[in-house]
Amino acid sequence: MTVSLGEHPLQQLVLKIHSRCDLACDHCYVYEHADKSWKTRPVVIGQDTASRTAARFATYAREHDLADVTVILHGGEPLLAGPARLRAICDEFSQAFAGVSRLKLKIHTNAVQLSRRHLDVFREYDVAVSVSLDGDQAANDRHRLDRRYRSSYHRVLRAIDLLRTEEYRHLFGGLLCTVDVANDPVAVHDALTALSPPRIDYLLPHSTWDTPPPRGSSGSATAYAEWLLAVFDRWTEQGRTVRVRTFDSVLSTLRGGPSLTEAMGLAPSDLAVVETDGSFEQVDSLKTAYDGAPATGYHVDEHTFEQVARHPGVQARQRGLLGLSRTCQECPVVQSCGGGLYAHRYSSEREFDNPSVFCEDLRALVDGIAERITDRSLSPAVLDPEALRFARQELDRTLLAYANQRLAGHPDWDETWPALLRLDADRSTAEHLNRVLSHPYLRAALRSAEAARITAARFARVAVAAAVHAHAPLRLAWEQWDREMHLPTLGTLTLPAPGRVEAVVSARGLDVHTADGTRLAVRDQLTDFWRPLSVLKVAAAEPLLIDDADPRRAVYPAPVTDPLTPDELAAFRERLRAAYELRAERGPAAEDDRNALRVDAVTPLVAGAGVRLATDGLGGLGVAVDFEPDLFVRELPRLGRRARLAALRATTDLHVLGNQAGRLLTEVVDALGDVAYWGRGTPEGVRALARAGRTLAALAELPDRDLTESGEVLAAELRAEWDAIAGRP
């Protein structure tokens, strides 16, 4: 892998295959905004240009070991390229990425021209189709007229009806709707949801500080937030049966998850654009800013994707918080808002060193959603460690249920889901399913949005692992997409080749049958094809699972090691054993200690990395292969506090999401943890205690509604602990 620390490889390509359009939308950023480069470009991309682009992108993916890449066919209107050219382009990319990366092909279209001939091509290459539609006919016809000023609405609906037929339904990627505050938000949303799309994207109209967006008859500074919140309320009333990317992203980031859209959140951009003439461009929403704004000066005939990735304009959108204006950096909702879309920050005076022109809208939207979803009731998890553990298990099941809603209909998932339900329904097997579902790296998978085939295979392996632990009979088959078949909490089976597998759990153990007729008998001992994980029994503690092989274990703020050799593993085990013996000598933790660190898996980190919690703090502990036992024992109380806070945040609301109370709670917990680490009588401990006191004072000054009942209980506990350490009555 050639990506150095701090860089983010390009994983998405927008390929402009046609530079003209059959509609004349007056809000289109390609034709109606500052950049006019479309006028000088070929109408249709040449096959040689498409071939060169595919080859260069595949080379880049191979050099960077990219598991997945996405190519979005775009325009203009890409359907105007015609079915034959579309097929040739899809075939070119499919061949280029065969054996390199999993290729996801998508197309964004107005759908006016969409026909069975197009859809047959898309079915052949599994191309997801996203359609632009702005709501009901009245809303859509405000902007989306054809070049004779006629409505496009009914032609688009006919196309969507075709896309929704049984033979093409799996290709429906969703609807793209540009917000106009003059339209009725509920009517727009109802019209879109009536078409049963798998997803809706509500897009703010492309605007800058030089060309600000219209704000409707009210002129409200938060008109777009008010519009979107009305949709959010309707979406919630309907049971949130359709995914809405803007809302899903805010809900995710408010609870510490990833951003799901480039338009919000701090995730680095991973996208490049190739125009019909082969020119590389930055994200093409920059056409809104000024003429030539997206240009790089690079061309696919002369430059590589590596060079594009290092272009200053591309890297500017990968700097996260550091790439934002000071106003944004100091904003309490920046993790959700992310400064908004990069193009929307532009002004001729300060270029992109501004908050979004939709700044007030984005703040009001995030705050409005946070207030609506905050649970103010008292959670037992704040008071009782066992209640917290139970709440975490319930969260795992909730996430699994969400996965079922998303994946139902995929054949492998439809086999796996009943198996999971059977294991959960029997008390003798449910505890073993809990054990596997509690594995921290599985939690990371539940929070991600992997491809259906990847998730189905992963949870088929979960069912198998739980059945093995429970000695419960099970027979399950799925498509295994690589040779390394990792069974969470158990170990890794190396297959002769990827392909269809069948796992059979019986009283004898586990047998895996491959498509070529090979039978692999998996037992406890190490073999040429089976590498079990190591379990260490330590004094006065639960047995420790040492997981150095899970493919999703890299969830630490330091690099993980490769799977350890037998000698390395033996040395690591001895260090852990010595650390826990030292911990026992210094006195066992009280059974009801709310801050005691409970570890579900220990993963070796590279030398010098110290002792680290998993990034979500839930059950994973990363330990450097050269850690010192004394340092390990000192770190546990501090890490236990952080882990408990992370678990509480994952399972209950301590404050209105996104407000500064969250930061203050973190600072108090960290400061008290530092006191425990250094000792109250040391200079470092004294400074940490003073820091905790100042932060508790700031927390007490917040408005009453900022903390929930659970948050108030936690704050009172922290205050009592500070008082006890400081010697206050």
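1. His 432 and its surroundings. Leaving out residues up to four places away in sequence, His 432 touches Ala 466, His 469 and Ala 470. In this predicted model, His 432 belongs to helix α16, which covers residues 427-437. The residue counts as buried because its relative accessibility is 17%, against a cut-off of under 20%. His 432 and Ala 470 are separated by 38 residues in sequence, yet their C-alpha atoms are 6.0 Å apart in space.

2. Leu 446. Helix α17, residues 440-447, holds Leu 446. With a relative accessible area of 9%, Leu 446 is buried. Residues up to four places away in sequence aside, Leu 446 touches Asp 396, Leu 399, Leu 400 and Phe 459. Pro 498, by contrast, is 52 residues from Leu 446 in sequence and 23 Å from Leu 446 in space, taken between C-alpha atoms.

3. Nonpolar side chains tend to be buried together in soluble globular proteins. The largest nonpolar core here has 99 residues, of which Leu 15, Leu 73, Leu 119, Phe 122, Tyr 202 and Ile 369 touch the most other members. Helix α7, residues 223-237, gives the most to this core, contributing nine residues. A second, separate core has 41 residues, including Ala 403, Leu 433, Val 462 and Ala 463. As for Leu 73, its contacts beyond four places in sequence are Leu 15, Ile 17, Pro 78, Leu 86, Ile 89, Cys 90, Lys 106, Ile 107 and His 108.

4. Val 14 has Val 273 as its bridge partner in β8.

5. The β12-β13 hairpin. Strands β12 (residues 484-487) and β13 (residues 491-494) run antiparallel and are joined by four bridges. Met 485 is bridged to Leu 493 in β13. The two strands form a hairpin with three residues between them, and Thr 489 in the turn has a positive phi of about 75°.

6. Helix α6. At the start of this helix, a side-chain oxygen of Asp 184 reaches to within 2.9 Å of the backbone nitrogen of Val 186. The buried residues of α6 (residues 185-193) are Pro 185, Val 188, His 189, Ala 191, Leu 192 and Thr 193. Their cover includes α4 (137-140), β5 (172-178), β6 (199-203), α7 and β7 (243-244).

7. Thr 253 in helix α8. Thr 253 lies in α8, which covers residues 245-254. Because its relative accessibility is 9%, Thr 253 counts as buried. A polar atom of its side chain lies 3.2 Å from the backbone oxygen of Val 250. The side chains of Thr 253 and Ser 336 are joined by a polar contact of 2.8 Å. Not counting residues up to four places away in sequence, Thr 253 touches Pro 258, Ser 259, Gln 335 and Ser 336.

8. Helix α23. The 18 residues of α23 (residues 709-726) should span 26 Å at 1.5 Å a residue, and the end C-alpha atoms are 26 Å apart, which agrees. Its buried residues are Ser 710, Gly 711, Leu 714, Ala 715, Glu 717, Leu 718, Glu 721, Trp 722, Asp 723 and Ile 725. In an α-helix, residues three or four places apart point the same way, as there are 3.6 residues a turn. The elements covering the buried residues of α23 include α20 (629-651), α21 (660-678) and α22 (683-700). Just after α23, Gly 727 takes a positive phi of about 80°.

9. Cysteines. How many disulfides does the model contain? The count comes to zero, a disulfide requiring cysteine sulfur atoms within 2.5 Å. For Cys 90, the closest cysteine sulfur is that of Cys 21, 19 Å away and therefore too far for a bond. Cys 90 is buried, with a relative accessible area of 1%. For Cys 331, the closest cysteine sulfur is in Cys 359, and the distance of 6.4 Å is too far for a bond. Cys 331 is partly exposed, with a relative accessible area of 22%.

Technical notes: Residues numbered from 1 in each chain as written. Predicted model: local features only at pLDDT ≥ 70, side-chain atom pairs only at ≥ 80, totals over all residues. Heavy atoms only, no water. Core = buried A, V, L, I, M, F, W, Y, C linked by side-chain atoms within 4.5 Å. Buried < 20%, exposed > 50% of the residue type's maximum accessible area, 1.4 Å probe, protein only. Contact = heavy atoms within 4.5 Å. Expected span 1.5 Å × (residues − 1). Pairing = 2+ DSSP bridges. Polar contact = N/O pair within 3.5 Å; in protein donor to acceptor, adjacent residues only side chain to side chain.
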